[in-house]
Structure formats: structure tokens, C-alpha cells
Amino acid sequence: MRWLRKSQAVPLTALKTPAELTERDESPTVHDSPALTEIFGNLDTDRPVRVLDLGPALQTNLDFYTKIANGVRIVPLQRNDGLEGLQQLDAEAFAARLDRLLPIGDDAFGLVLMWDLLNYLVDEQPSLLAHHLAAVAERGASIYVMIFTAGTMPREPSRYELLAGGRLAYRPTTRRRTAAPDPPPAKVERWIKPFRVERSFLLRHGVREFIAVNA
Amino acid sequence: MWKKDDESNPTANTSSGMITAPRPTSAKPVVPAPGEAATIGRSITIRGDVTGDEDLYIQGRIEGTINLKQHSVTVGPEGRVKANIKGRMVTIEGEVDGDVRGQEQVALRSASKVNGDIVAPRVVLEDGASFLGSIDMSGKAPSEGKQESKPTVTERPKTDPIPPPSSLTNKTSTAKV
């Protein structure tokens with residue numbers, strides 16, 4: 001993978017290899033992530049960015065971010081009331097939560113990892129989130145988005161652990177599953193405006209990864 | 001730049017001033033020796049503001065605030081804290097309901113339960129720690145007088161913003177992998 005081969009690539013020595021995942025890791029599914037490989041492979045470690053992670057906090061990921069970033073924020077939007085509580089927020093309440101958790105005006109982020117959150121938001125929430133993220137991100141900042149396009153998906157956002165070799169461990173937080181939303185790419189592009197989709201990768205297991213840039 | 005030397009010292013700092021996070025080193029409870037820290041025993045409950053000029057080890061209950069910015073605060077396995085905590089090094093082994101700010105580090109040990117936001121340049125999350133909240137590793141000590149819900153402002157290097165990766169510009173492309 002390029003993010004390991006490039007001499008200026010970010011150091012991944014703290015990352016686990018798939019074989020090092022423990023029993024505690026609840027049999028995660030491991031897949032290549034060409035989008036993250038590309039994102040991290042193109043980061044310039046001489047210009048560390050601020051990273052925003054909208055998933056749950058994981059030590060391995062924290063270790064990784066500290067080597068590529070000059071600031072990290074981990075902000076799971078569902079927090080205490082869970083996914084159901086998040087989905088029940090109307091537009092005004094959802095926007096208020098974004099304002100509280102991600103105040104506009106603080107230093108801007110250069111990389112945003114949304115993971116699979118977009119699959120679980122409802123109504124106007126995807127667009128509200130994208131516009132808010134664009135306001136707290138640098139111009140040209142990259143955002144990483146995963147969309148389930150086939151079969152079923154876990155009923156709640158999963159945990160994703162960055163592994164060595166450009167791979168990702170997917171850890172569902174529930175065994176319950178629901179139909180994958182499978183939105184057409186054009187709909188995803190509308191959801192995440194004003195970010196502009198630059199690349200997408202359809203993976204064999206039905207996940208489509210998007211790299212978009214804050215235009 | 002990434003150098004081979006960095007591999008053997010994953011916590012080494014770099015010229016770019018990046019923050020580092022050590023791997024969890026031990027799951028053993030951090031019990032101070034007698035006289036090393038003030039101890040709030042199992043049967044003690046405190047409601048109010050706790051301040052001081054020495055390290056603190058909590059096995060009892062505290063509701064209010066804990067502010068020992070220059071010293072270590074450890075919430076022991078039986079400690080139950082419903083308060084915002086400020087300390088130099090904050091280690092949680094018990095339960096905390098409140099925001100935690102560490103000027104150097106915040107560590108959540110394996111059996112800990114934390115419901116609140118963490119602000120510290122280094123954060124250690126051991127396997128098994130239960131955590132609900134956000135983490136801000138801004139690389140700068142928390143500033144005073146800010147609202148609790150606001151993250152600290154990071155002092156950014158005086159460089160131009162990172163440009164978009166060159167391979168990501170100008171066109172949209174799709175690849176099947």
C-alpha cells in the first residue's frame with residue numbers, strides 16, 4: 001500500500017496487523033480501504049492537520065492520529081442518547097447539537113472522518129451535517145464517507161479501527177441488521193455538499209467509500 | 001518526515017510539534033504509597049469544590065468540582081465522581097460523570113466508566129474502558145475561563161493550510177476494488 005511505501009507517508013508502526021486483533025475484538029471484519037490509503041498517503045507530515053473523527057474513540061486510532069495531526073477531536077454525535085435519540089432530533093435540535101459539539105470558529109480541521117454515519121441520518125440531517133462540517137473544516141479539507149450499497153448493514157454505526165497495510169477492521173456494535181440504504185452516488189453527492197466528491201471506491205463487500213473535498 | 005528511527009520510538013516527538021500518545025502501559029491500579037498523595041477514603045463523601053496543592057487519590061465519592069491543575073488526580077477503582085476534574089495527570093479507574101481536563105495526560109483504565117468530555121494533549125484508553133463523550137487532543141493545555149462545552153483552541157503552526165492532495169483535484173473518478 002502506498003501509505004506504507006512512501007518515505008514521507010505517515011508512520012503506522014503503532015497500528016495492529018489483522019493477526020494481532022484479540023478475542024476481545026469480537027471477530028471484526030477486515031477489509032482494504034483504498035480511500036483511506038489514498039487520503040493518508042497524500043498527507044504531508046510536514047504540515048500536520050487537525051483531524052475530526054465522528055466515530056467512537058479507539059486507542060489504536062488515537063495513536064495513529066497523533067502521528068499525523070497537530071490536533072484531534074473525537075466527537076461521536078449520538079453520545080448518550082444513542083442513534084435513536086439522534087435520529088429523533090428535528091432540524092433545529094440537530095443543528096443545535098452540532099453547534100454545541102462542534103462550535104464554528106475554533107481552528108479548522110484538515111481531515112474529517114465521517115465513517116458510516118451518513119447511512120444512519122434521516123431527513124435533513126445529512127445536509128445539515130455536511131454544511132456544518134464544511135464550516136469547521138479548512139478549504140480543501142478531505143472528508144471520508146462510507147455508504148452501504150448492498151444487502152444489509154448493522155442497525156447502528158460500527159466501530160472502525162485503522163490497521164497496518166491500509167486495512168480497516170469493522171466492528172459492529174449490534175448484531176441486528178437492517179437494509180442497506182444504497183443511495184445512488186448522485187444522492188450522496190447532494191447529501192455532502194458543499195463537499196465535492198473527488199473519488200469513490202466500490203468495495204467487494206458492498207461498501208462504497210467516498211473521498212470528498214471541502215470546496 | 002517519517003524516519004526509520006521513529007519506528008523504534010513510537011512516542012518520539014517530531015520537529016513539527018505533533019502530539020504523541022503512548023500505548024497503555026499497565027492495567028494495574030495506581031495506588032499511591034502512604035504520604036504520596038492525599039486520599040479520600042471509601043467511606044468519605046464530599047459535596048463541593050476540591051482544590052489543593054498535592055496529588056489526590058479518590059476512593060470515595062465527590063460531587064462538585066476537582067481542581068488540582070498542577071497535580072495528579074487518580075479516581076481509584078471504588079471512586080465515584082460526579083464533577084468536572086482538572087489536573088496535570090488524571091487517571092480514571094472508577095466512575096466519573098463530568099468533563100476531564102489534563103494538562104499533560106488523561107488515562108482511562110480498563111474498568112473505568114466516564115461520561116463526559118476529555119481535553120488533554122495525550123489520552124490513553126485501555127481496552128474495556130467505557131467512555132461516552134468527545135476527546136479533544138489539541139496539543140495545548142486547556143485554557144482558563146472558557147465554557148466547559150467548548151473545546152480548547154489549538155495553537156497552529158504558522159504555515160499555509162494544507163492544500164488538497166494533488167491526486168484528488170480536478171476530476172471525479174470511481175474505481176471498483
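An α-helix has 3.6 residues a turn, so residues three or four places apart point the same way.

The model is predicted; local features need pLDDT of at least 70, side-chain atom pairs count only at pLDDT 80 or more, and totals for chains, interfaces and linings use all residues. Residues are numbered from 1 along each chain as its sequence is written, while chains are lettered from A and ligands numbered from 1 in the order in which they are written. Helices (H or I, at least four residues) and strands (E, at least two) are DSSP runs numbered from the N terminus.

The axes of α5(A) (residues 91-101) and α6(A) (residues 125-136) come within 10 Å and cross at roughly 30°, with axes taken as lines fitted to C-alpha atoms, for helices over the stretch in contact, and angles running from 0 to 180 degrees between N-to-C directions. From α5(A), A:Ala91, A:Phe94, A:Ala95 and A:Leu98 meet A:Gln125, A:Leu128, A:Leu129 and A:His132 of α6(A), contact being assigned when C-beta atoms placed from the backbone lie within 7 Å. By class, the contact of α5(A) with α6(A) comprises six nonpolar, two polar and no charged residues.

Elsewhere in chain A, helix α2 (residues 34-42) is mostly covered, with eight of its nine residues buried; among them are A:Leu36, A:Glu38, A:Ile39 and A:Phe40. Chain A as a whole contains seven helices and 11 strands, and 50% of its 215 residues are buried. Of the contacts in chain A between residues at least 6 apart in sequence, 71% join residues at least 24 apart.

Several backbone features of chain A were also identified. The peptide bond from A:Lys193 to A:Pro194 is cis, with omega near 15°, and A:Pro194 is located in the loop between α7 (185-191) and β10 (195-202). A:Trp115, although not a glycine, has a positive phi of about 55°; A:Trp115 belongs to strand β4 (residues 109-115) and is buried, with 20 other C-beta atoms within 10 Å. A positive phi, near 50°, also occurs at A:Asp123, in the loop between β4 and α6. With 12 C-beta neighbours inside 10 Å, A:Asp123 counts as exposed.

Chain B has one helix and 14 strands, and 36% of its 177 residues count as buried. Within strand β8 (residues 100-108) of chain B lies B:Ala107, which counts as buried with 25 C-beta neighbours inside 10 Å. Leaving aside residues up to four places away in sequence, B:Ala107 touches B:Thr91, B:Ile92 and B:Val124.

Technical notes
Two residues are in contact if their C-beta atoms, placed from the backbone, lie within 7 Å. Ala, Val, Leu, Ile, Met, Phe, Trp, Tyr, Cys and Pro count as nonpolar, Asp, Glu, Lys and Arg as charged, and the others, Gly among them, as polar.
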